[in-house]
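Biologist: Please take one part of this model and go through it closely. Then place it in the whole.

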Amino acid sequence: MAQVIYKGIGSGSGFAVGPSIIVHRGELAVPVSTIKKGEVERECLRFSDAVDITRKQLSRIRDSIAKAMGEEAAFVIDAQMMVLSDPACIDETEKIIGKNLINSEHAFNIVMQSSIDALSSSNNSVFVDRVQDIQDVRRRLLSNLLGLKHQVIPMPDKKSILVINHLAPSETAQLFGSKYVGLITEAGGFTSHIAIMARTMDLPTVLGVDNITEIIAEDSKIIIDSMLGQVIVEPKKDVLEEYKKKRRKYARRRKYFMEAVDKPAISIDGHKITVTANMELPDEVSLAEHYGADGIGLFRTELLYIQHEQLPFEDEQFEIYRSIAKQVSPHAAIIRTFDVGGDKLGNLFQYHYEPNPFLGFRAIRIGLMYPEILKTQIRAILRASAYGNLLIMFPMISLCEEVVRAKEIIEKAKAELRDEKVKFDENIPVGAMIEVPSAAILSRDLAQECDFFSIGTNDLVQYTLAADRGNPRVADIYQTYHPSVLKLIKFTIDSAHYAGKWVGLCGEMAGEIRAVPLLLGMGLDEFSTVPARVPVVKKVIRSIEFNKAREIAEQALRFTTQSEVISYLDEQVARILPIDLL
Ligand code: PEP
Ligand code: MG
């Protein structure tokens with residue numbers, strides 16, 4: 001077969017070579033047919049066989065997650081197994097098969113759909129996670145009944161590359177510790193949550209490759225170049241050789257950045273910066289430690305909500321936050337309250353339809369609509385704050401009142417804990433994410449209400465340029481280095497400093513080499529990035545003078561297009577670091 005190259009968006013996590021496993025994700029066509037009375041028993045048997053197969057698949061996935069990421073992370077699958085043990089699911093399907101004399105696919109689909117409808121019509125975000133689990137189980141079991149192996153993600157026994165239309169966050173987590181060495185998707189952009197999780201796992205990924213599941217054949221030889229965003233199918237011999245060299249160079253580059261990983265990030269002229277890690281799953285603290293992070297700058301707690309059987313209870317969350325506080329000590333961890341919504345609902349979109357989910361009912365908006373749910377999380381964080389340094393951060397703030405109201409909920413939780421004589425940090429710092437342009441523009445006023453800011457460029461870019469972060473078709477308009485974005489970042493940093501507060505940045509930009517001199521020069525106090533990028537950020541900071549970085553930032557802010565900014569920054573970075581490592 002001739003070599004073909006496809007372009008997409010690279011995650012920037014190196015290279016992978018392997019055979020493809022294709023997973024097609026069209027909507028399942030559920031066959032509808034009637035059966036005779038005498039066929040009921042056989043149909044029920046067919047159904048219970050599919051239930052058994054599904055249980056076994058889930059149990060295998062559960063074991064591999066527990067092995068790779070610990071028991072806590074395996075709750076994603078426990079929740080799905082519970083759906084399968086629910087008599088309302090199994091008995092009811094068999095009853096309908098016998099009563100309506102219909103095939104098991106149709107009967108099971110009716111039962112699942114009525115559960116989904118009931119949960120969805122309650123219009124209560126409490127059921128968000130439950131619907132997601134039911135959807136996953138529905139798809140998996142129907143695929144088994146229909147003999148469509150391709151609807152679910154198979155776990156290979158040799159190194160392979162997964163080629164798939166799109167992945168839910170829970171499914172992306174399943175790839176951790178599996179034999180998959182690379183990932184290619186049709187959906188997603190550089191800052192979509194699939195991409196962020198893939199980077200955390202250090203899994204070479206190319207996103208947004210149009211129709212790739214239709215084009216590539218199963219078991220094709222593939223090279224993933226996540227640095228250039230390229231997929232090379234059936235590579236020529238010399239290309240394979242070239243990539244062997246690239247992989248060696250990439251390994252050298254990693255080694256170079258890992259050297260002195262535990263040393264602090266202090267510029268040549270003595271300006272000290274905090275470099276922290278972002279995390280999505282409780283077990284990732286050890287990754288942060290491994291890469292020399294000065295604590296956790298962002299714990300995205302929403303996965304605890306999206307992947308769970310029920311809303312996480314206070315005690316359960318308390319244990320997780322306490323364990324993080326203890327592990328990162330003497331450093332700090334910023335716990336962001338749940339940022340459910342946007343692209344973090346998976347299949348729920350179809351059932352809580354919102355025409356513009358990223359502009360809709362998301363993050364703090366949900367927390368303020370359901371203050372009891374937010375208060376439960378805040379109580380858990382406060383209780384855990386007695387065991388280390390924790391900070392509370394609110395996502396997607398777009399109005400000053402939101403911070404005021406969220407702080408009232410903190411005060412309520414504190415008063416309750418005082419009454420209950422439970423210890424907590426009375427002075428726990430409270431911050432806001434600056435990721436909506438209105439918050440950046442109002443940052444002078446917001447700074448009065450907050451102890452710190454963390455700039456979320458992943459969202460700030462999409463909201464400033466009106467370009468969906470997960471839509472590959474507008475990826476060229478989604479410009480992280482657009483002058484409008486840089487001006488908002490600079491204004492936010494200045495506003496925080498004017499009020500005597502510190503400011504971090506936890507979007508993917510914080511981990512990009514070219515952004516480091518720029519943000520350092522703008523006066524940023526803390527960089528928070530995926531764990532594997534921490535050593536890179538530290539190294540760049542240690543290789544530059546703060547005064548030089550200020551000059552670079554001043555000049556970068558004068559351009560009118562992203563391309564001018566990028567070529568200027570790349571030129572500067574090449575002078576700072578050895579060129580053959582870039
Ligand atoms: C951001 O928007 O930059 C951010 C860090 O939050 P998230 O990626 O979780 O939306
Ligand atoms: Mg965000």
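Modeller: Helices and strands here are DSSP runs (H or I, at least four residues, for helices; E, at least two, for strands), numbered from the N terminus. This is a predicted model, where local features need pLDDT of at least 70, side-chain atom pairs count only at pLDDT 80 or more, and totals for chains, interfaces and linings use all residues. Residues are numbered from 1 along each chain as written, chains are lettered from A and ligands numbered from 1 in written order, and side-chain values use heavy atoms, without hydrogens or water.

Start with Glu 186. It sits in the loop between β5 (180–185) and α7 (193–200). Its relative accessibility is 17%, so Glu 186 counts as buried (under 20% relative accessible area; exposed is over 50%, partly exposed in between; 1.4 Å probe, protein chains only). Contact means heavy atoms within 4.5 Å. Beyond four places in sequence, Glu 186 touches Ile 164, Asn 165, Gly 208, Val 209, Asn 211, Ile 212, Thr 213, Glu 214 and Pro 472.

Next, the metal. Glu 435 (OE) and Asp 459 (OD) coordinate the magnesium ion (ligand 2) at 2.0 to 2.1 Å. Glu 435 belongs to the loop between β14 (430–434) and α16 (437–441), and Asp 459 to helix α18 (residues 457–465), so the pair ties together parts 24 residues apart in sequence. Donors are N, O and S atoms within 2.8 Å of the metal (3.2 Å for Na, K and Ca); water is not among the atoms, so sites may look incomplete. At 2% relative accessibility, Glu 435 counts as buried. Asp 459 is also at 2% and counts as buried.

Now helix α19. It covers residues 483–498, 16 residues in total, and reaches 22 Å from first C-alpha to last. That is close to the expected 22 Å, taken as 1.5 Å times one less than the number of residues. Its buried residues include Val 485, Leu 486, Leu 488, Ile 489, Thr 492, Ile 493 and Ala 496. An α-helix has 3.6 residues a turn, so residues three or four places apart point the same way. Gly 500 follows α19, with a positive phi near 75 degrees.

Finally, the whole. The protein has 23 helices and 17 strands. Buried residues make up 58% of its 582 residues. The mean pLDDT is 89, and 91% of residues reach 70 or more; pLDDT is the predictor's confidence in each residue, from 0 to 100. One stretch, residues 346–351, stays under 50.
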